[in-house]
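Here is a short briefing to read beside the sequence and the 3D view. Keep both open as you go.

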Amino acid sequence: MNTRWVGMVLGGLFGAVIIAGLYFPILKQRVKQTAKIQPQSEEQARRELTQSLTPTPTEARVKAKLFWTSNAHDGSLAPVNIDLPLSNEPALRAKQVLNTLLAGPADPELRTLPPDAVLLAFYLLPDGTGIADFSEAMASSIPSGIESEQRAVDSLTRTLAANVPQVVRLKILIHGQEVETLAGHLDLTGAFVVSPRAAQATIAPQPDALTSPAI
Amino acid sequence: MHNRLRYAFFAFFLLFATILTVSGQSSAQAPAQNLPISVAPQNATPQTLPPAYADSPQPRTGLNIVVLDPAHGGTDTGARGTGGIRESEIVLQFAQQVRQALEAQGFQVIQTRMANENPSFDDRSAMANAQVGAVFVSLHVSSTGLPGTARVYVNSDLPGSSGGREAGGLIPWDRAQGPFLALSHKLGDFVQGNLAARFKGSPGSAQAAAIRQLRTTAAPAIAVEVSSVSVNDRLDLDRMAPAVADAIARGVTDFRPSYVVAGVPGGLR
């Protein structure tokens, strides 16, 4: 009886090994296919989200005011007026001006943001909080330091304040995630004040707002 | 026979558990002995907070301790110059000179790191928050800025900076700097004034920036940033160190009479 049971168990195990051996290559192929598809799906989803922000034919050319490093080389920012076709829709308008800011001024020495950084998405919440999601290069390529990191944030907040009055605060994400600092110094856990007056009026919903001192 | 074996196992288990408990307690106490604290000879008064202290009718200056923070460290090198200069290494060298200058002025100095290690932001803040009558000075070297200049930063406004504490008088940990901002500005201006006198092109007063390290620090807190790792010769930075150290020590000394601790640690006057 015992010998018979042992035989049955061994037989069962042998069968399981054969089935697993046959199924394993199929499973491996499926995992490979899924791994290939995954990043494409994320990118597609991101594109779908941003597709709604495509320019509309009703955009008017306006003088946008963008803030880059001043020629004085004292670390301050200076406004530059540029003719841009800007949407009336606040989130799209914000995205347009920030993309122009990222593209940089004529003199690359006066850039405030890394040339390889990309604005992945921009959302505007009903309370006036703008959420800008940048690629990893925003954190990894920016010169590390309090001065350079604060100047980068100031250029973002001042440019938004000058062109998109609906944005009251700015929350910066890096590749969809909240990070502790931009490049080791500047605090990104809160939201930066873009419009101090509007932020005062709606101070309750956003208790973690940090003041951007250059405004 | 089996029973004897069980008793023997049980006795070994008890012995093992006792050894583990005792060694755990002793290792938990060990770091306190290794804390990088130096006591200046002229200022050996221990820092304690007796109950009567809070109710003392006589305002008193409480500044005796400087928590010196060489930023970054470990795998976090901070700013890096094209010539291979690393912020984490330079600030550690600067810290040695700043420490000596502060001790010469009679301050007790606590350093957040003594070697190439990287305590968390909160761990560094906690070293200052555990003291009474301390200021916090974080040392940095930038990637940008006019070489040979130095800037002092204080944290930008935080909710609670108007002295706001939550019910029960508690200061929220993540906004601990809020009630100290006015004092931080004052300290920053003193240090910046001394730096401007030594380094031409430096600003005349402290600037505000949203610095993560300062946000959780419950003490007057500043960050001093020297320009920059982009210099061609490291000696250019080394030569700045004595004057930076002197400016910080004099700035903190100038600030000393302003730091009146009354009611609660860091109370504003």
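**Confidence in chain B**

- Chain B has a mean pLDDT of 80. A pLDDT of 70 or more is reached by 69% of its residues.
- Residues 20–59 of chain B stay under 50 in pLDDT. The model gives this stretch 31 contacts beyond four places in sequence.
- Residues 263–269 of chain B are also below 50. This stretch has 17 contacts in the model beyond near neighbours in sequence.
- Where pLDDT is low, the predicted coordinates should not be read in detail.

**Where the chains meet**

- Chain A puts 18 residues in contact with 24 residues of chain B.
- Which element gives the largest share of the side of chain A that touches chain B? Helix α4 of chain A, residues 146–163, supplies four residues, the largest share.
- By type, that side of chain A has nine polar, six nonpolar and three charged residues.

**Fold of chain B**

- Chain B contains seven helices and nine strands.
- Of its 269 residues, 43% count as buried.
- Take the contacts in chain B with a separation of 6 or more: 79% of them join residues 24 or more positions apart.

**The largest nonpolar core**

- The largest nonpolar core has 104 residues.
- Six residues touch the most other members: B:Val66, B:Val135, B:Val191, B:Ile222, B:Val224 and B:Ile248.
- Helix α7(B) gives this core nine residues, its largest share.
- What does B:Ile248 touch, leaving out residues up to four places away in sequence? Its partners are B:Val98, B:Ala101, B:Val137, B:Val191 and B:Val224.
- Two of these partners, B:Val191 and B:Val224, are also on the list of residues that touch the most other core members.

**A loop residue: B:Ser258**

- B:Ser258 sits in the loop between α7 (234–255) and β9 (260–261) of chain B.
- Why does B:Ser258 count as partly exposed? It has 15 C-beta neighbours inside 10 Å. A residue needs 20 or more to be buried and 12 or fewer to be exposed, so a count in between is partly exposed.
- B:Ser258 and B:Gly62 are 196 residues apart in sequence. In space, their C-alpha atoms are 9.4 Å apart.

Conventions. Residues are numbered from 1 along each chain as its sequence is written. Chains are lettered from A and ligands numbered from 1 in the order in which they are written. This is a predicted model: local features need pLDDT of at least 70, side-chain atom pairs count only at pLDDT 80 or more; totals for chains, interfaces and linings use all residues. pLDDT is the predictor's confidence in each residue, from 0 to 100. Two residues are in contact if their C-beta atoms, placed from the backbone, lie within 7 Å. Helices (H or I, at least four residues) and strands (E, at least two) are DSSP runs, numbered from the N terminus. Ala, Val, Leu, Ile, Met, Phe, Trp, Tyr, Cys and Pro count as nonpolar, Asp, Glu, Lys and Arg as charged, and the others, Gly among them, as polar. A nonpolar core is a set of buried Ala, Val, Leu, Ile, Met, Phe, Trp, Tyr and Cys residues joined through C-beta atoms within 7 Å.
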